[in-house]
Amino acid sequence: MSDDEAEDIEEEEGVYLGEYEGGRNERDERHGFGKAILPNGDTYEGYYENGKRQGEGVYRFKNGARYIGFYFENKKHGQGTFYYPDGSVYEGTWSDGQRNGRGKYTYVNGDTYEGEWRDHVRHGQGTYIFAETKLRYEGTWKAGRMDGFGELIHTHHKYLGFWKDGMVVGKGRYIFPHLSCQQTGEYLVTPAKDDEKTADDVDNKMIPRWKASKIEVISDEAKAAIGEIKTSDPAVRAS
């Protein structure tokens, strides 16, 4: 999973500095529509209210980043799209200058996350799709990690269970719709073996291991309730 959301890029706060062309109020504050070239080389084109960026605007950073959306009292607020220098993009809602609410983040490696955010990180309900494998996680997030109930959907099967701090734990089940069966069991978190560690791992690295309990046939009614997994594999469709 890509955890490399581009770092927040701070905007120039000195709204009275730099070159400005546009409307002003009776106190000579920037007010209404205007264009500004800020001392650090950034530019802003959009609306002001009583000296602060407020309303719709476009902020261009000298490093190539760009924000197109709404402001409230100098901070990104409401609907907006941020284009980061590395090519990643966030499109969604903002509050107090941070990603808050619902939005979609497209990572530089092609992965996507669409769902709820809190204070710049994935938090709440959301779906993460891995571009390379098409693996999809739909479920609960906490502080940027999978945490709570979720579904991990593969091409031919899916897993329903619980995660804690990004690690799958506890009871769950694997569902194989094209085989009309499911396997229930439990993920037990155990110490990693020496050959399962890398040089960067901590000594007490833990790994979840699946312990199956039973295999059950899934009725047609249950399959309909669970939902079929879509696949382009003719062999699977014919099963």
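Student: What should I know about the model before we start?
Tutor: It's predicted, so local features need pLDDT of at least 70 and side-chain atom pairs count only at pLDDT 80 or more, while totals for chains, interfaces and linings use all residues. Residues are numbered from 1 along each chain as its sequence is written, and side-chain values use heavy atoms, with hydrogens and water left out.

Student: Why is Glu21 called exposed?
Tutor: Buried means under 20% relative accessible area, exposed over 50%, and partly exposed in between, with a 1.4 Å probe and protein chains only. Glu21 has 62%, so exposed it is.

Student: And why does Tyr107 count as buried?
Tutor: Its relative accessibility is 3%, so it falls under the 20% limit. Tyr128 is buried too, because its value is 0%.

Student: What makes the pair of Tyr107 and Tyr128 tilted?
Tutor: Rings of Phe, Tyr and Trp (its six-membered ring) pair if their centres lie within 6.5 Å; planes under 30 degrees apart are stacked, over 60 edge-to-face, and the rest tilted. Here the centres are 5.8 Å apart and the planes at 35°, so the pair is tilted.

Student: Why is the pair of Tyr159 and Tyr174 called tilted?
Tutor: Their centres are 4.7 Å apart and the planes sit at 50°, so that pair is tilted as well.

Student: How do you know that the charged end of Arg53 sits over the ring of Tyr44?
Tutor: The rule wants NZ of Lys or CZ of Arg within 6 Å of the ring centre and within 35 degrees of the ring normal. For Arg53 the distance is 5.6 Å, and its charged end does sit over the Tyr44 ring.
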